[in-house]
Amino acid sequence: MESTTDTYDYVVVGGGTAGSVIAARLSESDGPRVLLLEAGTSQTSTDMSTPPAWPALLRTSADWGDTTVPQRAGGTGVLLARGRTLGGGSAINAMNFVRGHRSSYDAWAESGLTDWGFDGLLPYFKRSENTSGRDPALRGVGGPLTVGPPEPANPVVAAMLEAAAETGHPRAADIGGGAEEGFGWSDLNIVDGRRQSAADAYLAPALHRPNLTVVTGTQVHRLHISGGRCTAVEYATRRGTTSVVGCSGEVVLTAGAIGSPQLLMLSGIGPAEHLRGTGIDVVADLPGVGAHLQDHPIANLVYRSARPVPAGVNNHGEALGLVRSGSALDGPDLQVLFVDAAGHIPAPGAPGPGQGYTIAVSAILPHSRGSVRLAGADPDVLPLVDPDYYSDGRDLAAVVEGLCLAREIGRADALREWHGHEVQPGPRAGDDAALREYALRSLCSYMHPVGTCRLGQNAADSVVDPALRVHGVDGLRVADASVIPSIPSANTNATVYAIAERAAELLRS
């Protein structure tokens with residue numbers, strides 16, 4: 001059963017981080033009518049609001065449940081969480097609010113996206129945040145998100161920071177600001193002991209506005225394209241009805257690096273050969289849709305503690321480092337994360353709660369590229385996600401270098417009272433070959449997929465132009481992690497907030 005509903009000036013598809021920001025910003029003025037569609041619910045849970053409980057949110061109804069296709073590295077599929085609730089990833093992630101080093105954004109400008117380098121993004125980074133005691137030229141004050149370092153900090157993480165300094169690494173005053181290398185406390189999206197998601201910070205204060213409509217439990221099936229313009233959005237409700245909502249202005253896809261390319265392809269926008277093979281009529285042949293997928297692989301050094309580790313009250317991964325795997329690099333390509341538990345995501349064989357801690361290593365500027373492809377024309381079937389981790393050998397080499405560096409930190413005197421012994425990979429993994437094998441065998445995702453609708457000047461190798469407009473289709477933009485042209489050297493949520501802030505400005509202008 002299909003019904004045609006109202007027409008809006010803006011229809012925002014996906015109520016995650018970017019969608020919450022854009023819907024709230026577009027509805028600030030009284031004129032435009034804004035509709036936000038979200039597949040998940042508006043309901044929150046105790047685990048969502050309680051920072052250390054975030055791992056329990058994986059594989060729940062707040063998560064789409066994606067698993068990658070079996071990877072050449074490791075041979076199995078990898079869990080790749082994706083938020084399915086208002087606030088999206090910001091409602092289920094580990095709450096690290098950090099920018100990458102400026103060099104990773106300046107690479108965007110050097111590729112021809114002159115307004116998208118670090119300095120071009122800085123006003124939008126600042127617009128999203130409210131910080132205290134930071135450099136006002138670099139950090140924001142008065143934005144919707146109140147962010148800051150962990151309170152209170154876990155003592156085992158504090159000891160790991162001291163160990164990093166002991167082994168010769170510089171201490172960063174603001175490691176998430178984008179201007180420093182070294183080790184320091186991470187800013188977190190935690191306010192008064194509770195998670196602050198995009199829905200909390202942006203959307204909740206806007207819900208009273210008469211020109212903003214938020215509809216949850218609506219899975220968008222496809223976009224309607226007429227005369228080269230996106231004119232409507234078709235979606236299904238939990239009751240099984242199908243509705244079509246018109247759009248007189250612009251449709252904005254904010255469904256993320258997996259959901260946005262899936263919706264474009266279901267609508268006939270994507271690589272023509274793949275679409276025809278899936279039985280979908282081609283509306284616009286855009287080979288970049290679903291291509292260029294990047295994600296951060298992560299490997300853990302897990303230690304059994306010689307004394308009880310106090311239970312984490314924040315996000316577990318309270319501090320991090322940005323370092324280079326080689327002196328010839330232009331910027332840091334490794335992140336080292338200090339975790340007050342045994343595993344970034346607990347793994348079989350790891351010590352139990354309070355019995356261990358972790359030094360995790362991620363290739364934060366991976367060279368490997370993968371793809372998102374449709375499994376069929378049915379919108380209810382999850383797409384095929386293939387990050388193709390470690391397909392470029394430079395990524396694995398960087399992680400091995402990072403594991404060696406992390407072991408030096410783990411042996412430092414500053415950790416002497418905590419150090420029991422290394423559980424994973426253990427003393428038998430004593431050389432680079434053994435560490436390579438361990439990194440492949442223990443492969444898991446840091447859950448930062450980007451790049452599948454990336455920014456670029458032309459339709460040959462990109463999906464959206466510098467104003468985030470889809471090449472060849474009027475009235476349609478994409479504004480989420482999928483537009484990132486190359487992955488930044490950090491957890492990606494802060495970057496998505498900045499992209500969404502810029503997108504809202506572009507749309508209003």
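## Surface

Accessible area is calculated here by the Shrake-Rupley method with a 1.4 Å probe. In this predicted model, the protein exposes about 18400 Å². Carbon and sulfur atoms supply 49% of that area.

The side chains include 38 positive and 54 negative ones. The centres of these two sets are 2 Å apart.

## Overall fold

The chain forms 11 helices and 22 strands. Its radius of gyration is 22 Å, close to the 23 Å given by the globule rule for 509 residues, so the protein is as compact as a globular protein of that length. Taken along the principal axes, the box filled by the C-alpha atoms is roughly 65 × 45 × 45 Å.

## Interior and contacts

Of the 509 residues in the protein, 60% are buried. Among contacts with a separation of 6 or more, 70% are between residues 24 or more positions apart.

## Annotated spans

An unreviewed UniProt entry carries the annotation "domain: Glucose-methanol-choline oxidoreductase N-terminal", which covers residues 83-106 and 256-270.

Residues 83-106 are 21% helix and 0% strand, and the C-alpha atoms at the ends of this span are 29 Å apart. Residues 256-270 are 73% helix and 13% strand. For residues 256-270, the end C-alpha atoms lie 16 Å apart.

Conventions. Residues numbered from 1 in each chain as written. Predicted model: local features only at pLDDT ≥ 70, side-chain atom pairs only at ≥ 80, totals over all residues. Heavy atoms only, no water. Helix = DSSP H or I, 4+ residues; strand = E, 2+ residues; numbered from the N terminus. Rg over C-alpha atoms; globule rule 2.2 N^0.38 Å. Buried < 20%, exposed > 50% of the residue type's maximum accessible area, 1.4 Å probe, protein only. Contact = heavy atoms within 4.5 Å. Lys, Arg positive; Asp, Glu negative; His and termini not counted. Charge placed at Lys NZ, Arg CZ, Asp CG, Glu CD. UniProt positions renumbered as here; feature names shortened; annotations may be inferred.
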